[in-house]
Amino acid sequence: MTDAEPTSPPEPAGHSVGRRRFLGYVLAGPTLVTAAGLAPAPAARADGIPSPEITELVDLNDVMTAAALPTSGLITVEVGEDGSVSFALPRTEVGQGITTSTAMLIAEELDLPVDRVRVTLADARPELLFNQLTGASNTTVSTFVPVRVAAAVARGRLLRAASAELGVPESELTLKDGTVTGPAGRRVGIGALAAKAAAVRTERVAVDLKPRERFTVIGRSHGRVDALAAVTGRKRFTMDLDVPDAKPTMVCRPPTINGRVGSVANLAEVRALPGVTDVAVIGSGVAVRAETFGQCIDAVRALRVSWRPGTAEGKSDEVVLKELEAAELPLGLPPLTPSVEARFTFAFRGNSALEPNCAIADVRADRAEVWSSLKAPIVAKEAIAAKLGLPLGAVTVHVTEGGGSFGRKLFFDAALEAVEASRAMGKPVKLMWHRADDARQGRAHPMATSRVRISYLGNTVLGYRQRHTSVATDLSHGLGEIFTALAARLPVGDIGFSETFFQLSQNMPYDFGAHSRLLSETDKGFNTGSMRNVYSPDVTCARELLVDRLAGKMGKDPYTFRRDFLRDDRAKAVLEKAAETGNWGRAMPDGMAQGIAFHSEYHSVSAVLVEIDCRPETVGRTVRDAVTGPRVTKAVVAVDVGLTVNPRGLEAQMAGCLMDGIALALTAGLHLRDGHFLEASWDNYFYTRQWNTPPELRVVVMPDSTGEPGGAGELGVAASMAAVACAYGRATGTMPTRFPVNHGTLSFEPKPTVPPVPASPTDGLDHVR
Amino acid sequence: MPEHTFRLNGEQVTVDVDDDVRLLWVLRDILGVTGPKYGCGINVCKACTSHLNGRAVNPCAVPVGALGPDDEITTIEGLAATAGADLHPMQRAWLDQDVAQCGYCQPGQIMAAVALVRRVAEEGREIGDADLDGIRNICRCGTYVRIREAIRAGARDMM
């Protein structure tokens with residue numbers, strides 16, 4: 001297809017040159033390698049609704065996609081001589097299923113079985129600038145076109161090579177299941193064509209993408225490509241990698257948030273402990289390297305360190321709440337018309353994944369190599385190079401698959417510590433945080449308040465105001481690249497960035513007259529980060545609870561009220577679907593109730609209906625070392641994400657979002673006392689467990705309503721949290737205003753802060769069952 | 001250093017390590033068996049769940065010195081062989097339900113599920129909601145509903 005060189009002047013890679021015609025590349029090389037630039041900026045999407053809402057014209061996804069444009073570098077698809085097709089995805093797989101959905105996109109264009117496509121994660125590629133950040137549910141939105149363009153270029157080259165090989169015109173050839181077939185059954189495999197299809201010089205090529213009506217892979221459920229590795233234990237996470245001499249390393253951490261090492265009384269003694277090879281003071285504490293992690297734990301516990309104060313010294317939930325009250329922006333004078341108003345408080349929450357913070361580092365005098373699951377690997381690479389005083393090119397950052405993220409892996413705290421420890425010790429290290437470290441010194445979703453006022457008259461809503469006040473959220477990973485990240489660290493820049501992020505991620509789906517939402521942030525003394533769905537769960541939960549209250553004031557049913565006031569047809573449709581599927585309005589015993597809520601973001605819409613059981617016999621059920629409490633007994637999640645690449649994967653994400661929402665509403669919060677969090681274990685921080693899982697869950701994926709993929713990975717958290725909160729309010733007769741609702745009761749005995757990690761138990765054989 | 005001998009996934013193994021090093025680290029850091037995961041180190045999250053003589057055990061809480069030469073440790077890597085197949089029925093059920101998201105907890109979930117099904121069967125019962133509610137293994141991706149479905153299906157196939 002070189003002769004298909006466009007006749008029009010060259011345009012930036014990946015740009016559309018027709019309705020479905022796009023430009024890609026064939027790269028010079030010994031085997032077939034094709035490429036595309038990342039997505040062209042779509043025309044600002046209005047989603048059909050005329051409205052002053054900024055998020056409907058341009059939301060965060062558009063900003064990220066557009067930011068990628070001029071400098072995006074290329075992503076490449078390679079056809080190997082074994083007939084496999086490989087793609088190094090410049091994103092991070094942390095469970096959200098993007099390796100699977102990306103393999104599906106390539107399989108679609110190449111008419112290949114999905115299992116013939118190998119998707120790996122690209123090392124940090126600074127030339128991609130903004131374009132190697134995994135976040136804001138943006139992966140499929142931004143890669144949907146370019147991945148297919150690269151695959152389509154490969155398809156064209158393979159057909160052209162087959163034409164020469166078989167001596168028949170391309171029009172008489174079909175490519176299917178990795179084989180090109182011509183007249184009279186003559187055939188050749190793509191592996192045999194890979195070298196022949198290769199280019200001797202890089203060429204620009206125009207291609208057509210397969211039209212939607214011919215999709216056979218996209219839109220059909222597919223199991224995860226890594227499922228077999230996951231269930232056999234063969235899936236490799238950072239800690240499972242065998243990097244020569246990278247021995248287990250842990251850090252003895254301070255008793256309060258961000259405390260610093262004063263002095264260490266017994267360095268020599270700890271160096272002599274069994275298995276210990278090195279002990280070194282680093283910025284965050286005292287690093288210990290040993291033959292096994294168990295010996296690291298023992299050594300960390302043996303260290304006698306005097307600590308200097310941290311950045312939240314003496315602070316408690318109550319102190320921070322006062323800071324938030326002081327920082328709250330005015331809501332204005334009470335209106336002359338009737339209104340409903342409330343202030344909601346949201347505790348700090350942990351965004352730990354099950355895989356703790358971890359990284360492998362091998363730092364030498366003139367170079368460094370790092371392995372970690374990083375969602376902003378370019379920022380990490382640049383920060384590591386700066387810390388070590390090495391040129392960027394001397395630092396290699398490998399992105400590994402992550403054991404969950406939930407926002408945590410946007411940061412690279414463990415990678416920075418690992419390079420510091422490796423340099424100090426002069427040896428490779430495999431550094432891991434203890435779970436207690438992860439809970440107490442790891443990043444948390446900031447404590448926040450949200451004050452909402454809705455004014456109305458008769459059946460008309462006149463105005464909506466929301467003042468969200470939060471401990472500062474660290475967004476210093478910026479948009480994935482150090483220059484934006486540095487801007488976010490400037491005191492003014494970060495507030496501007498947070499406010500920008502807030503405004504771009506929030507919208508007002510209801511016809512509520514004049515509305516305003518403002519964010520105010522305070523106190524940068526905490527290790528924070530954006531947790532899955534960032535501001536939206538709290539902001540939406542506050543809004544939806546007050547919507548229920550307003551509906552009550554107007555004498556309307558919560559579902560009917562929402563349906564009447566939602567402005568968008570897609571929004572109404574998911575709400576109706578959730579209500580219908582969940583049998584909204586069915587009679588329930590006292591102490592049980594339904595709740596329903598709506599949230600839109602990422603060009604997607606979601607509605608969640610739950611049923612909750614708050615009867616005493618349920619709330620008081622006992623499970624060992626467990627917070628039981630109210631039980632969500634049934635949930636329906638209805639979502640419209642536009643074009644769905646993998647419905648089964650989307651259903652999985654929504655199920656996870658629901659579990660997050662249940663936890664945020666009912667059980668999961670961090671208690672701040674005396675400058676540290678009390679939680680140090682999964683039996684202290686109550687993420688949803690089996691005993692709080694709804695036995696009945698339905699996820700309804702709506703038919704494609706836009707023809708383009710919207711964001712999905714975080715979409716369902718906000719409406720889930722809000723629906724649970726609304727149901728709780730209706731079941732108990734009291735609207736909850738503090739979250740999680742159990743935060744006022746401390747349900748565990750806090751572990752000591754010195755030593756910072758608990759002893760490893762020895763009684764495992766007593767619990768064999 | 002003392003020598004410790006036990007059976008691991010059908011083979012006799014001997015390691016040179018102090019008595020009190022927990023089995024999880026013997027498996028992961030010394031023997032390179034990485035299916036059992038670290039998630040807490042204090043027998044709470046259950047990500048390291050494996051089997052000791054066919055029953056669920058958490059290696060993070062077992063000093064290696066507590067094992068005898070006849071004790072059989074089965075990790076996720078050795079599970080399929082106990083069913084004499086490429087995959088154990090529970091692993092197949094996990095694939096059928098496409099349970100895993102990030103996958104970090106899933107080896108422990110599967111090992112816990114198999115032990116639960118065996119225990120319930122020994123008690124002459126079928127798996128019920130209370131049995132499923134009692135599973136302590138954390139999945140931070142929230143795959144709990146598919147886990148429940150997979151366990152019921154896997155239990156049927158184990159009979």
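User: In the loop between which strands of chain A is the place of A:Ser284?

Analyst: This is a predicted model, in which local features need pLDDT of at least 70 and side-chain atom pairs count only at pLDDT 80 or more, whereas totals for chains, interfaces and linings use all residues. Residues are numbered from 1 along each chain as its sequence is written, with chains lettered from A and ligands numbered from 1 in the order in which they are written. Strands (E, at least two residues) and helices (H or I, at least four) are DSSP runs numbered from the N terminus, and on that basis A:Ser284 sits in the loop between strand 12 (276-282) and strand 13 (285-290) of chain A.

User: Is A:Ser284 buried or exposed?

Analyst: A residue is buried if 20 or more other C-beta atoms, placed from the backbone, lie within 10 Å of its own, exposed if 12 or fewer, and partly exposed in between. Because A:Ser284 has 23 C-beta neighbours inside 10 Å, it counts as buried.

User: Why is helix 8 of chain A described as largely enclosed by the rest of the structure, and which helix of chain B do its buried residues pack against?

Analyst: Helix 8 (293-302) of chain A is largely enclosed because eight of its ten residues are buried, including A:Phe293, A:Cys296 and A:Val300. Within chain A, these buried residues pack against strand 10 (247-252), helix 7 (267-271), strand 12, strand 13 and strand 20 (429-432). In chain B, the element they pack against is helix 1 (23-30).

User: Which helix of chain A gives the most to the side of chain A that touches chain B?

Analyst: In the contact between the chains, 61 residues of chain A meet 58 residues of chain B. Helix 6 (227-232), helix 8 and helix 19 (647-667) of chain A each supply at least two residues of the side that touches chain B. With seven residues, the element that gives the most is helix 19 of chain A.

User: How many Å separate the centres of domain 1 and domain 2 of chain B?

Analyst: Chain B is divided into domain 1 (3-75) and domain 2 (82-158), with bounds that come from an automatic or database domain assignment. Their contact takes 15 residues from domain 1 and twelve residues from domain 2 of chain B. Taken over C-alpha atoms, the separation of the two centres is 21 Å.

Definitions and conventions:
Two residues are in contact if their C-beta atoms, placed from the backbone, lie within 7 Å.
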